Structures are given as C-alpha cells and as structure tokens.
Amino acid sequence: MTQSEPASSALSPQEIRSIIIGVLVAMFLAALDQTIVATAMPTIGRVLGDFENLPWVVTIYLLTSTAVTPLYGKMADIAGRRVTLLVAIGTFVAGSILCALAPTMLTLILARALQGLGGGGLISLAQTIIADIIPPRERARYQAYFATVFVSSSIAGPVLGGFMAEKLHWSVIFWINLPLGLLAFWMTNSVLKKLPRHERPHKLDFLGSALMAVATIALLLALSLGGPHYAWTSAPILGLFGLSVLFWIGFVVRLRTAPEPLIPTEILANPVVAAGTIAACFGMGVFIGMTIYMPILLEGVYGLTASQSGLALIPMMVGTVTGATLSGRLMARITHYKRPPLIGLAVSTLAFALISINPQALPLVVLEVLLTAASLGIGTMLPVTTVAIQNAVLQHQMGTATGAMNFFRSLGGALIVAVFGAIVMGGLPADLAANVTIETLAKSIAAAGSDIGSVFRWVFLAAAFGSLATLCALLRMEERPLRTKVEPASVAME
C-alpha cells in the first residue's frame with residue numbers, strides 16, 4: 001500500500017462487510033444486555049430468594065460499563081482496535097457465563113460487574129473501528145445501522161427476557177451471549193488484523209483513570225438511589241454527590257498537570273467535540289427518558305397492559321431509526337449536513353411542547369403520532385454528532401474521542417433520566433412515591449387513582465427543553481467539511 005492510498009484499500013468489500021457485521025453483533029451484545037434483564041428480574045429475585053438487592057443487578061452493570069468506556073477508547077489508541085475489542089468481547093462473555101452459573105444474588109451482582117467491564121467498550125470500539133475503514137462522508141450511512149441495533153434490542157430485549165425467564169430458565173438470558181460473543185469474535189478476529197494501524201506510543205494515566213472512575217461511580221450511585229430509595233436531600237445522596245464533585249475536581253486538576261492525561265485537553269477543547277457531545281447528551285437523555293417513563297403514562301392513564309405499552313412504543317423506536325437513516329443518507333450527499341437534524345429537532349421540540357399542554361386528554365393515536373415525530377427528529381441528530389466528532393480529530397485520537405463522547409453521552413443521559421424521575425416521583429403522593437419502583441409504578445398509580453397525567457405535563461415540558469438544548473448545541477457546532485478518504489496509516493504514524 002502506498003502513502004497516497006486510503007487506509008482501507010487493503011480491505012476487500014467482503015472483508016469490510018464482515019467487519020461491519022461483526023462489530024454490529026458486538027454492539028448488539030451490549031445493547032441487548034441492557035434491556036433483556038429487566039423483565040426477567042422478578043423471576044431472578046424469586047429463584048435466588050433475594051428481592052432486596054435485586055436492583056443492583058442493573059445498577060452495577062451501569063456503573064462499571066460507564067466508568068470504563070473512556071479507558072477502552074484510550075487503550076484502542078495505545079494497543080490497537082483488534083486487541084482491545086477482543087478483550088472487551090472476552091470479558092463480556094466470561095462475565096455472562098459467570099452470571100448464568102451464579103448460585104446467589106451476591107455472585108450474580110459481582111458477575112454483572114465483570115460483564116459491565118467488557119460491555120463498556122463494545123459500543124465505542126465498534127464506532128471507532130467503523131471510522132477506521134469508512135471515510136466520514138460515507139460513514140453517516142452506517143450510523144443508521146447502529147440505531148437499528150439499539151432499537152432492535154429495545155424491542156426484542158424485554159420480550160426475550162420475559163419469555164426465557166418464564167418458559168425456559170432465567171440463566172438463558174446470559175447463556176445467549178455465548179454464541180453471540182463467539183460469532184462476533186470469529187467474524188472480527190482475523191479480518192481486524194488487516195485494519196490500518198493508527199496507534200502511537202502512549203502511557204495510560206492510571207491516577208486520572210482512578211479519579212474519573214470513582215467520580216463517575218459516585219455520581220451514578222447518587223442518581224440511581226436518589227428518589228425511590230433515598231430522598232434527594234438525604235445524607236447518603238448528598239454525600240455521594242459531594243464525593244463525586246471532589247473527585248471530578250481532582251480529575252480536572254490531573255488533566256491539567258499530567259504529562260499525558262487520560263483524555264487529551266486538545267480533544268476536550270475541540271469546539272466540534274464539545275458541542276457535538278453536549279447535543280448527544282441531551283438528545284439521548286430525552287430519548288432514553290421517554291422509553292423508560294412512557295409505559296407509566298400508557299398504563300396509568302390509557303389503561304394499557306405491560307405488553308400493550310411495549311407495542312405502543314414501537315412507532316417511537318421506528319421513528320428514531322427512520323430519522324437516523326434519512327439524516328445519514330443525506331449527510332453523504334449534501335454539504336450543509338446540519339440542516340436535517342436542525343429541522344428534525346425543531347419538530348421534536350414542538351411535538352413535546354404540544355403534548356405537554358394536556359397529555360391526559362390526548363387520544364392515544366394523536367399521542368403516538370406526536371411521539372413518533374419527536375423521536376424521528378431526535379434520530380436525525382445521532383449520526384451527525386458521531387461522524388462530526390470523529391471527523392474533527394486526528395485518526396490516532398479516534399478511539400479516545402469516540403470513547404469520551406460515549407462516556408459523557410451516557411453520563412449526561414443518566415442526569416436527564418434522573419430529572420425525569422424526580423419530576424414523576426415528586427408529583428406523586430408521598431406514601432405512593434416512597435413504596436414503589438419504576439417497574440411497579442404504573443400499577444400502583446392505577447390502583448391509587450392518582451392523576452399521573454398532570455404530572456407528565458412537566459415531564460413532556462422537560463423533554464421539550466431537552467430537545468431545544470440539543471438544537472442549540474447542534475446549532476453552535478461547527479460544520480466542517482467531511483473527509484472523503486480514510487487517513488492513510490502511514491500519515492497517522494508519522
């Protein structure tokens with residue numbers, strides 16, 4: 001390969017297709033695991049005889065997977081994409097096997113922590129690998145496939161989890177990761193050896209990594225436990241917030257003083273990276289919050305069953321994929337690629353604002369149409385922010401930038417979901433809010449005859465402001481010309 005050739009020229013179309021399918025399977029592993037467990041949790045708690053610690057099955061995975069996401073990005077730039085991805089897949093599969101074999105709730109929670117250590121790298125590494133072989137001008141089209149993976153997992157996960165726990169055995173929801181993991185490993189192992197090498201000699205900042213991990217875990221613990229388990233003003237929650245702030249300050253100091261910080265300051269200071277990440281945080285936070293709390297409205301106000309509310313969410317999921325697909329295809333063809341998501345987010349803001357006027361009085365069909373329009377608008381933002389961020393950094397910084405984007409997107413999303421939760425819980429009678437979880441909230445509301453519709457007026461208003469914040473951040477993001485070729489490895493290694 002000469003210096004003038006694109007880095008991906010060593011790969012045949014069949015090899016590129018194999019890599020793409022392989023990393024999509026890896027992404028599906030991580031995405032499915034976040035949704036398939038939820039409906040199986042009552043069965044798991046009953047079989048293992050421990051309902052008190054059951055929420056930790058979900059919480060511990062969220063903590064570990066989020067905390068290690070930027071570490072995988074940095075390691076991909078140090079050791080290469082192939083080794084790092086295979087380590088992530090191997091760790092995830094090993095954790096899945098231990099989960100399936102867990103005889104007690106404690107061992108299951110510990111195994112889920114290990115599983116999260118692997119799952120935290122799968123999504124960002126998949127996006128980084130795609131960036132290594134597909135030029136930015138064409139890359140946006142593939143982001144629609146990523147959106148399809150997330151939506152498919154969101155729809156299939158709860159259905160599969162409930163079926164396997166009821167008809168087979170709860171451990172099957174973890175055993176299913178073994179063939180999927182082996183498939184992803186097999187499809188990517190040999191072909192990834194031909195990837196262009198962009199890594200440079202780096203040192204991993206262990207102190208910075210530790211500071212960031214503790215700050216992240218403390219913050220996510222506060223957001224997970226605050227509201228349903230502890231009052232937001234209670235000593236444990238305030239203590240966790242204080243601990244998080246303290247370690248975030250330490251992390252910022254470390255970024256300014258370390259010879260080679262975990263996330264280089266030039267990446268954080270990059271205006272495209274900063275604005276794109278903020279837009280992704282708000283957009284994903286609103287979308288995730290809607291998927292979590294909409295069943296409460298559908299069951300508590302419209303009287304749908306759990307399965308019916310799941311079906312009612314499908315148009316919203318399809319809207320997201322459609323928006324991402326349209327935006328991705330237009331991004332490859334037009335110069336001003338921000339225009340579609342700017343229009344889409346304006347529609348989303350308007351749709352959420354209209355719903356907030358009187359959500360409990362809207363016919364279900366009208367609600368579905370407005371939610372679909374809102375999700376379509378959010379979907380248009382997804383490929384644009386990811387590709388624009390990757391287009392704005394050097395190839396040997398791609399892993400670090402992509403990992404940082406996913407990390408802050410997850411963290412910001414958790415903050416916005418917590419805001420939604422605080423609005424819902426804060427609008428309920430004290431005795432009701434103190435004795436329910438998200439999983440049982442709809443039934444408790446219906447039984448108590450609480451006016452949840454008026455509470456959701458503020459939820460949708462918050463969603464409108466979140467969508468507007470996404471629009472403003474995207475508006476500020478610089479629209480740089482997209483590269484039409486993948487940077488040659490020889491250039492990146494100079």
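Colleague: What should I know about the model before reading it?

Modeller: It is predicted: local features need pLDDT of at least 70, side-chain atom pairs count only at pLDDT 80 or more, and totals for chains, interfaces and linings use all residues. Residues are numbered from 1 along each chain as its sequence is written, and side-chain values use heavy atoms, with hydrogens and water left out.

Colleague: Where is confidence lowest, and where is it highest?

Modeller: pLDDT is the predictor's confidence in each residue, from 0 to 100. Where it is low, the predicted coordinates should not be read in detail. Here the chain mean is 80, and 87% of residues reach 70 or more. Helix H21 (residues 489-492) is lowest, at a mean of 39, and H15 is highest, at 94. Residues 489-494 stay under 50. Residues 1-9 are also below 50.

Colleague: How many residues does helix H10 have, and what span does it reach?

Modeller: Helices are DSSP runs (H or I, at least four residues), numbered from the N terminus. The expected span is 1.5 Å times one less than the number of residues. H10 (residues 235-257) has 23 residues and reaches 33 Å from first C-alpha to last, close to the expected 33 Å. Its buried residues include Trp-248 and Phe-251. Buried means under 20% relative accessible area, exposed over 50%, partly exposed in between (1.4 Å probe, protein chains only).

Colleague: Which residues have the most contacts inside the largest nonpolar core?

Modeller: In soluble globular proteins, nonpolar side chains tend to be buried together. A nonpolar core is a set of buried Ala, Val, Leu, Ile, Met, Phe, Trp, Tyr and Cys residues joined through side-chain atoms within 4.5 Å. The largest has 55 residues; Met-290, Met-294, Phe-352, Leu-371, Phe-456 and Phe-460 have the most contacts inside it. H12 gives the most, with 12 residues. A second, separate core of 53 residues includes Ile-44 and Phe-251.

Colleague: Is Arg-409 buried or exposed?

Modeller: Arg-409 counts as buried because its relative accessibility is 11%. It sits in helix H17. Beyond four places in sequence, Arg-409 touches Gln-127, Ala-280, Cys-281, Met-284 and Thr-386, with contact meaning heavy atoms within 4.5 Å.

Colleague: How many salt bridges does the structure hold?

Modeller: Side chains of opposite charge can pair when their charged atoms come close. A salt bridge puts a side-chain nitrogen of Lys or Arg within 4 Å of a carboxyl oxygen of Asp or Glu. The structure holds one. Arg-480 and Glu-478 form it, at 3.2 Å, N to O. Arg-480 is partly exposed at 24%, and Glu-478 is partly exposed at 40%.

Terms used: Helices (H or I, at least four residues) and strands (E, at least two) are DSSP runs, numbered from the N terminus.
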